[in-house]
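Biologist: I would like to learn how to read a few features of a model. Could we go through them together, one at a time?

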Amino acid sequence: SEIGLSLLSDPTTLAFQLNSAIGINAPAGKCPDQLAWESMNGEYTLVDHGEGLDAIAHWLDIRIQKILSIPIDHKEKTLGIVHLINPKKLDTIGILKKQVQLMGKSMVNSYTLTESNRWGGRLQQLLEFVANISSSMDQNQILRMMLEQISILLDAEAASLFLSDEISGDAILHISSRNDHRVVENYRVPHGQGIINHVLASGETVVVNDVNRDKRHFDGVDSLSNFETRSMLAVALRSHRINLGPQRGSANGRVIGGLEIMNKLNGEFNKMDISLAEIFASQAATILQTVRLYDEMDDRLNQLLKSLMSAMDAKDAYTQEHSGSVSDYAVAIGN
């Protein structure tokens with residue numbers, strides 16, 4: 001054959017798209033894929049008439065007598081189709097099939113290598129970030145750094161961290177990576193509304209590549225800040241199970257918030273993006289949980305000290321409130 005077309009299957013939409021052409025300059029626009037769909041379930045297909053053949057002939061603006069279509073298969077999955085137009089020899093189909101099989105293996109190996117390199121690069125960035133966050137003890141500063149970093153790693157426009165209000169059930173926008181973060185932070189998404197509340201209620205990871213087609217989308221934050229959310233990856237923040245000791249048992253993990261990454265700049269959110277988002281969500285949950293535990297310990301220590309002071313002062317009316325006065329003077333001197 002003097003003319004060959006290679007059509008690859010998009011793993012997301014499952015549509016066939018022209019990848020390469022040999023022997024002819026393929027016109028711009030969508031390549032007719034009816035014949036590709038008709039040929040994907042067999043070892044090969046030889047077509048000398050039909051709508052699929054006529055559509056390709058009209059698209060290429062050439063006369064086509066027959067098309068030999070061979071699926072590009074790998075592990076029972078069809079990666080694409082090779083169309084050989086007006087083949088001259090049909091006694092070499094067996095050799096052609098083996099060549100197409102090698103083509104499929106080469107494609108998979110190339111894709112695997114590319115993905116491995118991408119993973120390596122992103123994990124290197126992740127390790128560098130983890131090494132840098134130890135330089136700050138400010139919870140909100142660390143979380144904001146995390147949101148900025150995940151936006152870069154996932155090639156997204158913005159990221160936001162929500163906390164769950166245990167009383168009202170609202171999702172509260174706690175930290176945002178956006179430039180207008182002071183406008184949107186502390187905004188409440190009402191209970192039962194928005195994709196984020198679905199994530200808080202179910203604990204599921206949700207990917208929506210077109211929010212306008214998802215009825216769960218809540219545009220209150222967008223309206224407040226004149227921001228347009230087009231796509232979204234939302235992940236739950238889960239607190240970890242904590243062992244409180246043999247006498248007190250343990251505290252079970254639960255969903256305490258959610259992470260939203262908005263507007264993938266190139267393509268759509270994929271499995272790698274989901275994995276990285278879940279890693280960051282786990283780290284954010286650990287930070288929030290650690291800070292909360294320290295706050296609770298600090299409150300209990302203060303309560304204990306106040307109880308001891310009250311007990312000491314109660315023994316003698318002369319020294320009543322003496323410990324509190326000493327504490328006030330100590331703070332004043334320190335300031």
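Biologist: Which residues does serine 177 touch?

Modeller: Not counting residues up to four places away in sequence, serine 177 touches Leu147, Glu148, Ser151, Ala158 and Ala159. Contact here means heavy atoms within 4.5 Å. This is a predicted model, where local features need pLDDT of at least 70 and side-chain atom pairs count only at pLDDT 80 or more, while totals for chains, interfaces and linings use all residues. Residues are numbered from 1 along each chain as its sequence is written, and side-chain values use heavy atoms, with hydrogens and water left out.

Biologist: Where is serine 177 found, and is it buried or exposed?

Modeller: Serine 177 is found in the loop between E7 and helix H5 (181-184). Helices (H or I, at least four residues) and strands (E, at least two) are DSSP runs, numbered from the N terminus. With a relative accessible area of 17%, serine 177 is buried; buried means under 20%, exposed over 50%, and partly exposed in between (1.4 Å probe, protein chains only). Its side chain reaches the backbone nitrogen of alanine 159 at 2.9 Å.

Biologist: Now a helix, please. Which residues of H2 are buried?

Modeller: First the general idea: an α-helix has 3.6 residues a turn, so residues three or four places apart point the same way. In helix H2 (residues 51-60), the buried residues are Gly52, Leu53, Ile56, Ala57, Trp59 and Leu60. Seen down the axis of H2, they fall within an arc of 165 degrees, so they line one face of the helix. That arc is taken from the directions from the helix axis to the C-beta atoms.

Biologist: What do the buried residues of H2 pack against?

Modeller: They pack against strand E1 (3-9), E2, helix H1 (34-39), E3, E4 and E5. The face turned away from the buried side carries the exposed residues Glu51 and His58.

Biologist: And how should I read a sheet? In what order do the 5 strands stand?

Modeller: Strands of a sheet pair through backbone hydrogen bonds, either parallel or antiparallel. Here 5 strands form an open sheet in the order E2-E1-E5-E4-E3, with antiparallel pairing; two strands pair if DSSP finds at least two bridges between them. Strand E2 (16-22) and strand E3 (45-47) stand at the edges with a single partner strand each, so one side of each is left without a neighbour in the sheet.

Biologist: How many bridges join E4 to E5?

Modeller: Strand E4 (residues 67-74) and strand E5 (residues 77-85) are joined by 8 bridges. Within this pair, proline 71 has isoleucine 81 in E5 as its bridge partner.

Technical notes. Polar contact = N/O pair within 3.5 Å; in protein donor to acceptor, adjacent residues only side chain to side chain.
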